[in-house]
Structures are given as structure tokens and as C-alpha cells.
Amino acid sequence: SMDHMEFLGESLDKIAYHKAGIIKEGVPVISAKQEKQCMRVIQEEAEKKNAPLEILSEDNLNFIEKYGKYIDFLNSSAYDKKRVTGKNVAGKFQRENLALALKAAECILGTFEEPVIFHALEKIRMPGRMEEVLPGVYVDVAHNIQGIEAFCATVEEHFKGRKRIIFGASHKNEEDHMRHILESMNGLESFQTISINGRVVDEKEFQNAFEEMIRVKDKETICFVVGSFYLVGITKQYISRRKEYVKF
């Protein structure tokens, strides 16, 4: 996606070129499906480095999301059809990420027993990725347009009630577009934007916005803090310091 453009370039193919710099001579490359111009760059770089390239398919795995909080996994090739749960892992984009991780593990370690996979998936924790930090309060570090679109798709699918959002972006070039996507979400009850200057979040501004968001909150209302890593970080710090009086 269009991210870190000040370092990686102003177009998807330029960004893909820098990302493809990780490809090493003769070392296998695993990639999810990409935009055409990105895929072309990755294929060209893999060919130059004589690196075998595999474009991943999710066909060997079935994913069932539950209430936006976690994903159940069923390995369709498993003889016992055993199901496992990836707790604190939600979002359609995570299906692809998890399939990539499993394929990479197989590439590095070779074939291993399926109970190892099940055990690993049960242990997954992804702080800041659709993470429930208080009952009915989630944080997510979606901080570019692609991430915000994926966040909205997950929320729309799994949270049908009223929604309150605090948003803050450190990448100002996409801030207006991301805000527009979030503000068009169904069932949006309140929306607040927190200013982020460089890496600094105004703590007082955040505290006021957070307390307002959770005030008079019923069980049907879900709250989200979404955007910059710095915003999600200060949210978790604030809850940790003051959890003794944050009541629901």
C-alpha cells in the first residue's frame, strides 16, 4: 500500500521495488497476491536473484471469524479435521498473513506434525491488531488507506451495533482520505480525531477524548481507537495506569 512514502517512493511500483530488496540470491520467496504493478516488480527481482517465487493461495486452509475477536482455523488436509483458535487475531487481512506465516515455517523447517501448527496458532497474540483492551473497547494500528479499508470491512462484518471511534494519523498525506473512509461506516455514533505531531500525541487531548468516548457506554456500543502506533501505544499506557477507575 501507499505507506512510508517519504522513504520508499511516491508510487506502488517504487514502494514494491524497495520492499523487494529483501530478496536474496537463491533464497525462496513467498508472497501473497499483490496489485499487478507490485507483482511484476517482485517477479522481476526474484528472477534477477534466481530466487524461487511462490504466490500463496489460501486454498489449503479454511478460516471462520468469530465476532471480530478471533479466527478459527481448520486445516482442510488434516485427517482429524481438528479445529484450533487463534485468539486475539481478527480481520480478513490476517487470514492471508497467517497463511503466509505457515508457509514460511514449512519452507524453513520442512514438513512437521500438524499438532505443532495447532499448538502455535493457539498461542498467537497480536498486540494492537483488533485487540480488545477493555470490554467493548478495541485498538487497531491500521495507519494507511489499505489498512483502514481492511479495518472497516472487519468491523462492518462483525460489529452490527453502534460504534464510537477515536482516530489519529501520523502520515498526514493520507489522513483526510482515511478519515472519510471511517466516517462513512454504518452505525457510527461518534467520531473524534486526535492530532499527532511527529511521534507525539497530546496526552491531555487524548485522555479527554477517550473518557468522552467510553462515557455512558452500553453493551451494544463498541469503541475503537484506530490509526497510528503512537496513538494505540498511549491508549494502552493510559488504560494500564488508570484502570482502577475506568468503569464499564
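User: How much of the protein chain is buried?
Analyst: Of the 248 residues in the protein chain, 44% are buried. Keep in mind that this is a predicted model.

User: What does the secondary structure come to?
Analyst: Nine helices and twelve strands.

User: What share of the contacts with a separation of 6 or more is between residues 24 or more positions apart?
Analyst: That share is 64% in the protein chain.

User: Sheets next. In what order do the strands of the five-stranded open sheet run?
Analyst: The order is E6-E7-E12-E8-E9, with mixed pairing. E6 (131-134) and E9 (188-193) are the edge strands; each has a single partner strand, so one side of each has no neighbour in the sheet. From one strand to the next, the twist averages 25°.

User: Which helices pack on the sheet?
Analyst: One is H7, residues 175-183, which touches E8, E9 and E12. The direction of H7 makes about 165° with that of E9. H8 also packs on the sheet, touching E6, E7, E8, E9 and E12. The direction of H8 makes about 175° with that of E8.

User: Back to E12. Is it mostly covered or mostly open?
Analyst: Mostly covered: E12 spans residues 221-227, and seven of its seven residues are buried.

User: Which residues point which way from E12?
Analyst: Thr221, Cys223, Val225 and Gly227 point one way, while Ile222, Phe224 and Val226 point the other way. Both sets are buried.

User: How does E12 pair with E7, parallel or antiparallel?
Analyst: Parallel, over four bridges, with E7 covering residues 137-140. Val137 stands opposite Cys223 of E12.

User: And how many bridges join E8 to E12?
Analyst: Seven, and E8 (residues 162-168) runs parallel to E12. Lys163 has Ile222 of E12 as its bridge partner. For Phe167, the bridge partner in E12 is Val226.

User: Changing topic: at what angle do H8 and H9 cross?
Analyst: The axes of H8 (residues 203-214) and H9 (residues 229-242) cross at roughly 70° and come within 11 Å. Angles of 65 to 115 degrees count as roughly perpendicular, so H8 is roughly perpendicular to H9.

User: Which residues make that contact?
Analyst: From H8, Glu203, Phe206, Gln207, Phe210 and Glu211. From H9, Leu231, Ile234, Thr235, Tyr238, Ile239, Arg241 and Arg242.

User: What is the contact of H8 with H9 like by class?
Analyst: Six nonpolar, two polar and four charged residues.

User: Is Asn50 buried or exposed?
Analyst: Exposed, because its relative accessibility is 55% and the cut-off for exposed is over 50%.

User: What about phi of Met130?
Analyst: Met130 also has a positive phi, near 50°, and is a residue other than glycine. The loop that holds Met130 lies between H5 (114-122) and E6.

User: Met130, buried or exposed?
Analyst: Buried, with a relative accessible area of 1%.

Technical notes: Residues are numbered from 1 along each chain as its sequence is written. This is a predicted model: local features need pLDDT of at least 70, side-chain atom pairs count only at pLDDT 80 or more; totals for chains, interfaces and linings use all residues. Side-chain values use heavy atoms; hydrogens and water are left out. Axes are lines fitted to C-alpha atoms, for helices over the stretch in contact, and angles run from 0 to 180 degrees between N-to-C directions. Helices (H or I, at least four residues) and strands (E, at least two) are DSSP runs, numbered from the N terminus. Angles under 35 degrees count as roughly parallel, over 145 as roughly antiparallel, 65 to 115 as roughly perpendicular and the rest as oblique. Contact means heavy atoms within 4.5 Å. Ala, Val, Leu, Ile, Met, Phe, Trp, Tyr, Cys and Pro count as nonpolar, Asp, Glu, Lys and Arg as charged, and the others, Gly among them, as polar. Buried means under 20% relative accessible area, exposed over 50%, partly exposed in between (1.4 Å probe, protein chains only). Two strands pair if DSSP finds at least two bridges between them.
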